[in-house]
Amino acid sequence: MTASPTPTTAEELRGAGLRVTAARVALLETVRDGDHLGVEAIASGVRDRVGHMSLQAVYEALHALTAAGLVRRIEPAGHPARFEGRVGDNHHHIVCRSCGAVVDVDCAVGEAPCLTAADDQGFAIDEAEVVYWGVCPDCSTGRSS
């Protein structure tokens with residue numbers, strides 16, 4: 001059997017019911033090429049790819065892509081929103097208290113154990129958002145110097 005080809009960014013946008021524009025393609029590719037980027041960094045990446053795009057248009061496109069499930073928005077307490085292209089796998093994040101770096105971390109063990117609440121209060125839980133806080137290796141090294 002032959003593996004099916006990976007869909008293009010345009011095909012993914014269409015599949016999510018979104019209109020394909022150069023700006024949306026550039027934005028989705030910028031988010032996926034980046035590492036938990038903030039809005040300003042995304043806007044800069046999009047502008048490098050397609051020229052001018054207003055910050056408002058970036059916010060609107062991010063909202064549409066997030067609503068369509070193509071992009072994930074994370075907002076660690078006390079930090080501005082960041083966006084990532086890793087979606088649909090219920091992973092979590094570690095945030096550095098010193099520099100604000102954000103990295104992905106998979107669920108601890110098994111099949112999403114974090115989805116089993118001690119008391120679900122009648123909710124049908126389908127996602128958990130866990131944020132670990134600490135100090136990254138670069139900042140730890142800087143503190144010990």
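This is a predicted model: local features need pLDDT of at least 70, side-chain atom pairs count only at pLDDT 80 or more; totals for chains, interfaces and linings use all residues.
Biologist: Start with H2 and H3. At what angle do they pack?
Modeller: About 125°, with the axes of H2 (residues 22–33) and H3 (residues 39–50) 9 Å apart. Helices here are DSSP runs of H or I, at least four residues, numbered from the N terminus. Axes are lines fitted to C-alpha atoms over the stretch in contact, and angles run from 0 to 180 degrees between N-to-C directions.

Biologist: So is H2 oblique or perpendicular to H3?
Modeller: That angle makes H2 oblique to H3. Angles under 35 degrees count as roughly parallel, over 145 as roughly antiparallel, 65 to 115 as roughly perpendicular and the rest as oblique.

Biologist: Which residues make the contact?
Modeller: On H2, Ala22, Ala23, Ala26, Leu27, Glu29, Thr30, Val31 and Asp33. On H3, Ile42, Gly45, Val46, Arg49 and Val50. Contact means heavy atoms within 4.5 Å.

Biologist: How does that contact of H2 with H3 split by class?
Modeller: Eight nonpolar, two polar and three charged residues. Ala, Val, Leu, Ile, Met, Phe, Trp, Tyr, Cys and Pro count as nonpolar, Asp, Glu, Lys and Arg as charged, and the others, Gly among them, as polar.

Biologist: And H3 against H4? What angle?
Modeller: About 105°, with the axes of H3 and H4 (residues 55–67) 10 Å apart. That makes H3 roughly perpendicular to H4. Val39, Glu40, Ile42, Ala43 and Arg47 of H3 meet Leu55, Val58, Tyr59 and Leu62 of H4.

Biologist: What about H2 and H4?
Modeller: They pack at about 70°, axes 10 Å apart. H2 and H4 are therefore roughly perpendicular to each other.

Biologist: New topic. How many cavities of 30 Å³ or more?
Modeller: One. A cavity is a set of points on a 1 Å grid over the protein atoms alone where a 1.4 Å probe fits but cannot get out.

Biologist: How much space lies in the largest cavity?
Modeller: About 40 Å³. Volume is the space filled by probe spheres set on the points, which are joined across faces, edges and corners.

Biologist: Which residues line it?
Modeller: Ile74, Glu75, Pro76, His93, Val95, Glu129 and Val131 line the largest cavity. Lining residues have an atom within 4 Å of a point.

Note on methods
Residues are numbered from 1 along each chain as its sequence is written. Side-chain values use heavy atoms; hydrogens and water are left out. Helices (H or I, at least four residues) and strands (E, at least two) are DSSP runs, numbered from the N terminus. On a 1 Å grid over the protein atoms alone, a cavity is a set of points where a 1.4 Å probe fits but cannot get out, and a pocket is an open set with protein on both sides within 12 Å along at least five of seven lines; lining residues have an atom within 4 Å of a point.
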